[in-house]
Amino acid sequence: MGREVRLAEQIRAVLRLDPTANALEFGRVWRSWGEIEASADRLGAVLDEAGIGPEARVGVLLRNHADLVPVILGLFLTNRCLASLNAVSPDAKLAADVADAATPAVIAIGSDWERPGLRESTDLTGAAIIAVDGPKVRLGKAPEPDKWRAPTAPGIAIEMLSSGTTGKPKRIPLKRRNLEKALAGAASYEKGREVDAPPRLRSGVQIVTAPLAHIAGITGLMNNLLAGRKVCLIERFTVEDFRDAVVRHRPKVAGAPPSALRMLLDADIPKEDFASLVAYRTGTAPLDPDLADAFYARYGIPVLQNYGATEFAGGVAGWTLDDFKAHWTEKRGSVGRLNNGAEARVVDPEGGDPLPANEEGLLELRAPNIGDGRTWVRTTDLAMIDADRFLWIRGRHDGAIIRGGFKILPDDVVGALQSHPAVREAAVTGIEDARLGTVPVAAWIARAHVEPPSEGELRAWLKEKLLPYQVPVRLLRVDELPRTPSLKVSQPDLKALFEAEA
């Protein structure tokens with residue numbers, strides 16, 4: 001076995017294969033490999049000038065934009081830590097996240113620096129301000145090191161922002177070693193691509209719609225760039241933009257979350273528009289096998305699901321085209337077979353004892369890209385594994401709601417609701433939705449002697465506190481919440497309230 005190639009070396013080798021060749025399309029405008037490398041190196045020079053060295057934590061306001069691709073690569077090339085900040089958050093929440101992250105530098109596209117509260121947050125933490133605008137990388141404000149709280153994160157490639165059980169986001173550190181292992185694992189899982197093979201540029205164009213603020217977006221981008229593929233980056237998924245990209249670039253494989261699959265099917269796009277596709281890849285949320293069958297019946301395109309998480313730096317199981325052809329009928333509903341090198345088992349949720357194949361329990365995983373690579377890591381997913389290493393996900397033990405691929409913890413939404421001065425108590429649950437899989441709904445009790453808000457007023461309040469996908473689709477005012485004998489809110493009865501109303 002040859003020498004293990006580090007991520008920075010892999011990136012640099014691909015960037016220099018043909019600097020003049022097209023690499024990235026955004027808004028129908030192409031950038032070359034050489035242009036991307038030059039922008040990435042300019043960023044490194046600006047960070048050096050500001051005293052933000054290797055292993056430093058660098059906050060990035062991530063959104064799907066061509067100017068941020070060199071930023072991601074530039075941080076990986078120089079062994080700095082990318083601390084993700086979701087640029088689509090409401091202004092107040094984004095400013096609070098920047099202050100909470102307390103990174104020595106914050107990078108954003110130029111227009112985002114005009115958002116209220118953002119510069120004030122960097123003043124509090126002493127962060128350098130860096131604006132990127134096409135080929136320009138500009139230091140807008142020098143750092144104040146005496147204000148730094150946690151300037152470095154040795155060995156960490158990404159701090160991915162996620163939801164926390166207390167209503168406050170938490171940061172999940174992904175080790176550089178684990179990210180490298182995850183990307184290498186994805187390469188070995190791909191038919192016709194060898195991890196140790198010399199890098200080369202490929203002729204196809206891969207469409208990336210997953211948000212770069214989420215691990216699926218970053219790993220999707222990196223997997224394609226490291227494979228030498230041209231990437232068409234879409235700002236956000238729409239049926240028309242996806243269809244246009246597929247028609248123009250004729251990829252063999254494309255994909256998006258299951259909610260997008262439903263939108264494509266409902267749009268009744270002509271079959272010839274998708275004639276180049278041999279597979280549609282999906283993940284981030286449960287896939288209804290009936291939806292997969294309907295898409296296959298309409299277009300003759302297999303839907304290949306995968307399973308992963310932020311903590312795993314990507315996927316740990318998934319369907320291949322060969323597995324679909326051989327096993328879909330008997331393994332229908334599975335998220336696919338465990339990746340090479342990944343181990344999984346299910347354990348009793350109460351006692352933690354391992355259970356035999358084909359029994360349901362809490363999923364535990366062990367893989368080179370998870371933790372230290374040797375210890376079993378317990379998830380919050382209920383699962384079943386068969387003797388052929390196919391994995392079924394049966395739901396979440398922690399009650400999280402997965403809306404179109406985005407995870408929502410009910411406590412986050414409850415906290416935002418109960419912060420309203422007219423709300424005494426609130427409860428949140430998820431109900432099935434044909435397009436998005438599951439959506440949040442909320443019931444709430446008004447405080448006595450206070451004018452209660454209208455649904456529109458309460459929704460506007462929540463939009464200032466939450467990400468758009470966290471806002472409940474229905475806000476139901478009730479006199480009392482349904483409860484168990486121990487006075488806890490009864491989730492089945494809460495669901496029944498909304499089902500009865502529907």
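Reply: Let's start with His249, which counts as buried at 16% relative accessibility. Buried means under 20% relative accessible area, exposed means over 50%, and partly exposed is in between, using a 1.4 Å probe and protein chains only. Before going on: this is a predicted model, where local features need pLDDT of at least 70 and side-chain atom pairs count only at pLDDT 80 or more, while totals for chains, interfaces and linings use all residues. Residues are numbered from 1 along each chain as its sequence is written, and side-chain values use heavy atoms, with hydrogens and water left out.

His249 is found in helix α8, residues 239-249. Helices (H or I, at least four residues) and strands (E, at least two) are DSSP runs, numbered from the N terminus. If you set aside its neighbours within four places in sequence, His249 is in contact with Glu25, Trp30, Val205 and Cys232. Contact here means heavy atoms within 4.5 Å.

His449 sits in the loop between β24 (437-446) and α13 (455-465), and at 85% relative accessibility His449 counts as exposed. Its phi is near 65°, a positive value in a residue other than glycine. Asp268 also has a positive phi, near 55°. You'll find Asp268 in the loop between α9 (258-267) and β13 (279-282), where Asp268 is partly exposed, with a relative accessible area of 48%.

Now for some helix packing. The axes of α1 (residues 7-15) and α3 (residues 69-77) come within 8 Å and cross at roughly 130°. Those axes are lines fitted to C-alpha atoms, for helices over the stretch in contact, with angles from 0 to 180 degrees between N-to-C directions. The two helices are therefore oblique to each other; angles under 35 degrees count as roughly parallel, over 145 as roughly antiparallel, 65 to 115 as roughly perpendicular and the rest as oblique. From α1 come Leu7, Ala8, Ile11, Arg12 and Leu15, and from α3 come Leu73, Phe76 and Leu77. Sorted by type, the residues of this contact are seven nonpolar, no polar and one charged. In that sorting, Ala, Val, Leu, Ile, Met, Phe, Trp, Tyr, Cys and Pro are nonpolar, Asp, Glu, Lys and Arg are charged, and the others, Gly among them, are polar.

Helix α3 also holds Gly74, which is buried with a relative accessible area of 3%. The C-alpha atoms of Gly74 and Asp41 are 6.3 Å apart, although 33 residues separate the two along the chain.

Last stop, the rings. A search of the whole structure finds twelve aromatic pairs. In one of them, the rings of Trp319 and Phe324 have centres 6.4 Å apart and planes at 70°, so the pair is edge-to-face. Rings of Phe, Tyr and Trp (its six-membered ring) pair if their centres lie within 6.5 Å; planes under 30 degrees apart count as stacked, over 60 as edge-to-face and the rest as tilted. Both Trp319 and Phe324 are buried. Trp319 also pairs with Trp328: the centres are 5.4 Å apart and the planes are at 65°, so this pair is edge-to-face.
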